[in-house]
Amino acid sequence: MRGSYESCVKQHGADRDAQCAACGPETCETASCRRGGDARDDQAVPERTPAEGAQGNDDDRDGPEHVGEDREQPGRKKREMILRRGNSMRSEGAVHRHCERDADGEPGVGERHGGGAAVPGQEKRARPEQRRGQQRAGGVVDAEAPSVPTRRLAPGDRGRGDGVRAEPRRPGEHFGSPAAPVPAGQQPREPEGNERGREGDERVHSGRVERYGSRVATKRYLFTPGPTPVPPEVLAAVGAPVLHHRSSDFLPVYERVLTRLREVCRTENDVLLFGASGTGAFESAVANLVSPGEPHLVVSAGSFGERWVAMTTAFGADLDVLRYAWGETPDADDVRARLQERQAKAVWFVQSETSTGVVSDVRALAAAAKEAGALVVVDAVSSLGAVPCETDAWGLDVVVSGSQKALMSPPGLGLAAVSEAALAATGSSPRFYFDWERTRKAQETLDAPVTLPVSLVAGLDVALELLLDEGLDAAFERHLRLGRAARAGIKALGLELFSPDEDRSAVVTAVRAPAGVDSGDVIRGVRDRFGITIANGQGELKGKIFRLGHIGWFDVFDITTQIGAVELVLADLGADVERGVAVTAALEAFAAASVVGEAADARPTDPAAVGGGGAEPSRT
C-alpha cells in the first residue's frame, strides 16, 4: 500500500496507532522499492464498502475470478481485508491479517516487511531480526515469495511430507489462519457460515496438503482391481471428436474391435459388444440362457459368484449353488459330484474372483461340466487379457467380460463371446437390449442395433491393438510376474496373504490386515498421504483385508509404489511390519528367472482336446 506513515495511521484507525508507531517509516516501504522498483508491483489494493464486499455468491469466494480480491467478511473488524493467493492450488486456505504463516509455512508480508504504510523512495530492507520480531503483526501476504527451507526431514519422517519443508506446524495450520485474537473482556464468537465451511475443508484436505504442500497438484494412482489405469493413447482416442455410429469413419473402427475381440477371447465364434458394464454382459447371458423353472448350477466362492446367484434367481432359475468359503478355490471334482446328483442346463463359474484374489482352474471346471452335458458360462471380467482363457479350446460356451480391467479402457463396454451351442439354447425370458440374436445379426452387417458409445469403442480399439502388439502370451507372463512381485513384497513385510500364494493369482493380491488394524484405515492412509487408491475387502471381508490390483496397464514400479505406501502407512498405524525390505523383495521376485512359456503351456497342445486335454499349467 502506498502513502506516508501518517496515511497508515489514518487508514487503519485509532486502534492501530500503537502498531503503526512500532512499524515506523522504515518498515512501511513501498512494494516497488522492496522489489527493485517494478512499477507493476506498486499497485494500490482497492477498498470496498461493506455493501459492495457483501455481494456475490459465498460458494464462489475461492473461484479464480476472486483470486487476489480483497473484501469484507462477516464478523471481521472494519477494513480488515484478505488477499487470496494467486495460485489456484493455494486457495484452499485464506490468508488473514492475524496469520503468522501462510499455508506453505511462509511468513506473511507483514512478517517480512512490517505492517505500516510505505515511504516512497526508500530502498532499505528490514533486517532479518526485525522481520522475525514482526511475525505476530498483521499484514497482507505476498503470495509470490519463495519458501526458504530450514531443515530436512529425518529418515523416520520421510513420507509424511515433502523432503524439504519449513518450520514444523501443528495439524490444521496448513489451511487458512488461526482465528483473530479475542480482545480482553469480549466473548469469543461462534464461527460464521463461511468459516465453518473452511474448518470442514481442513478435515477433508489435510492429508493431501501435509503430503505435498499447496504448490503441487496431487498425482493420483489407481491400483484397484477395476477400473484400472488407462494408457494415454487410449485416452486420446476416447477424447477425439465423436463419430456417428453408422458413419463410414466409425464402421472400420467397429469392425476392427469385433475382430480383435475374437482374437483376445481366442474364439472363432461371435463376440457380442454392448454399451454396458461387465454386469450388463452378465445379464445378457442370464437373460438369454435362463427360462423360469430350468435347472442351473452356480459355483460361488466370493462376491461375483454371488452375483451369478442373484441374477439367475431373478430370472426364475431352479437354482443349485455349490458354495465355498470366500478365499477357497473351487474344485472340479466337487462340480462333477454335484452334477451327478442333479443335472443342470448350464454351470456358471467365475474365473477371477477379484473379491478374494482367487483365480479358478476354469479349464478343469469346464471339463467336469462338459462331462455332464451342461453349458459352461464364465465370468472373465477381470481375467480376460491377464491370464489364459481359451474359449474354444476349453469348451467355454459363454465368456463375459468388460472393458475396464485387463483390456485397459474406461468402464462402459461389456462383451460376450457366445458359442453356437449357447445361441441354440436360448430360453424364453423376455429381453430386448441384451438379445443375443438381435445383436449378432446387426453385427454381421456392422449395423449396430442401438447407438454404441462410439468414443469408448474407439478407445477399446487402441487398447486391443496395444495388447495384441505386446502379445497375449507376453501379457500373461507379465501379469504372472507382477503377481509374484506383489506377493513377495507383502510377505517381506511380514503380512499374511489372503489370496493363494500361487502363480495363477496374477490379477489381484489380497492381504489380511494386521491384528488391531482395520483395512479401511490402510485404504484411507495411502489415499490421503500419497494419492493412491487400493481396494478394501467386500462383504464380510470389509475391514479385514485390502487388495492390490495389478491388471492391465501395470509394470513392476506400480507394484513397488503400492508396497512402499502400504509399508509407511502400516508403520504409522502401529503395525509390526518389517521395514526397508519389501520393495527390494518385490523387485527381485519380478526380475527372477523368466517364466516365459508358462502361460503358453496352459494352452492344450491339441485344440481338439476340449476342456481336459494337455498337461496342467505349470505352477511354482
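How many salt bridges does the structure hold? The model, which is predicted, holds 29 salt bridges.

## Salt bridges

Side chains of opposite charge can pair when their charged atoms come close. One of the salt bridges joins the side chains of Glu470 and Arg478, with an N to O distance of 2.7 Å. Glu470 counts as partly exposed because its relative accessibility is 33%, whereas Arg478, at 17%, counts as buried. Arg504 and Glu502 form a further salt bridge, in which the closest N and O atoms are 3.3 Å apart. Both Arg504 and Glu502 are buried.

A salt bridge also connects the side chains of Asp521 and Arg524, at 2.6 Å from N to O. Asp521 and Arg524 both belong to helix α18 (residues 519-530); because they are three residues apart, about one helical turn separates them. Asp521 is partly exposed, at 33% relative accessibility, and Arg524 is likewise partly exposed, with a relative accessible area of 40%. Elsewhere, salt bridges with shared partners join Arg484, Arg487, Lys491, Asp501 and Asp503 into one network.

## Aromatic pairs

Across the whole structure, a search finds seven aromatic pairs. In one of them, the ring centres of Phe223 and Phe554 are 5.7 Å apart and the ring planes stand at 50°, so the pair is tilted. This pair links distant parts of the chain, the two residues being 331 residues apart. Phe223 lies in the loop between β3 (221-222) and α8 (232-238), and Phe554 lies in the loop between β16 (545-549) and α19 (556-572). Phe223 is buried, with a relative accessible area of 3%, and Phe554 is buried at 4%.

The pair formed by Phe282 and Trp308 is stacked, with 4.2 Å from centre to centre and 20° between the planes. Phe282 is located in helix α10 (residues 278-289) and Trp308 in helix α11 (residues 303-314), so the contact ties together parts that are 26 residues apart in sequence. Phe282 is buried, with a relative accessible area of 2%, and Trp308 is buried at 0% relative accessibility. Ring pairs also link Phe223 and Phe554 with Tyr221 into a cluster.

## Charges over rings

Two arginine residues are placed over phenylalanine rings. Arg438 lies over the face of Phe432, 4.0 Å from the ring centre. The charged end of Arg481 sits over the ring of Phe590, at 4.5 Å from its centre.

Strand β11 (residues 398-402) is largely enclosed by the rest of the structure, because five of its five residues are buried. Both faces of the strand are covered. Val398, Val400 and Gly402 are buried on one side, and Val399 and Ser401 are buried on the other.

Strand β11 is joined to two other strands, β10 and β12. Strand β10 (residues 375-379) runs parallel to β11 and is joined to it by three bridges; here Val378 stands opposite Val399. Strand β12 (residues 413-418) runs antiparallel to β11, and five bridges join the two. In β12, Val418 is the bridge partner of Val398.

Technical notes. Residues numbered from 1 in each chain as written. Predicted model: local features only at pLDDT ≥ 70, side-chain atom pairs only at ≥ 80, totals over all residues. Heavy atoms only, no water. Salt bridge = Lys/Arg side-chain N within 4 Å of Asp/Glu carboxyl O. Buried < 20%, exposed > 50% of the residue type's maximum accessible area, 1.4 Å probe, protein only. Helix = DSSP H or I, 4+ residues; strand = E, 2+ residues; numbered from the N terminus. Phe/Tyr/Trp six-rings, centres within 6.5 Å; stacked < 30°, edge-to-face > 60°. Lys NZ or Arg CZ within 6 Å of the ring centre and 35° of its normal. Pairing = 2+ DSSP bridges.
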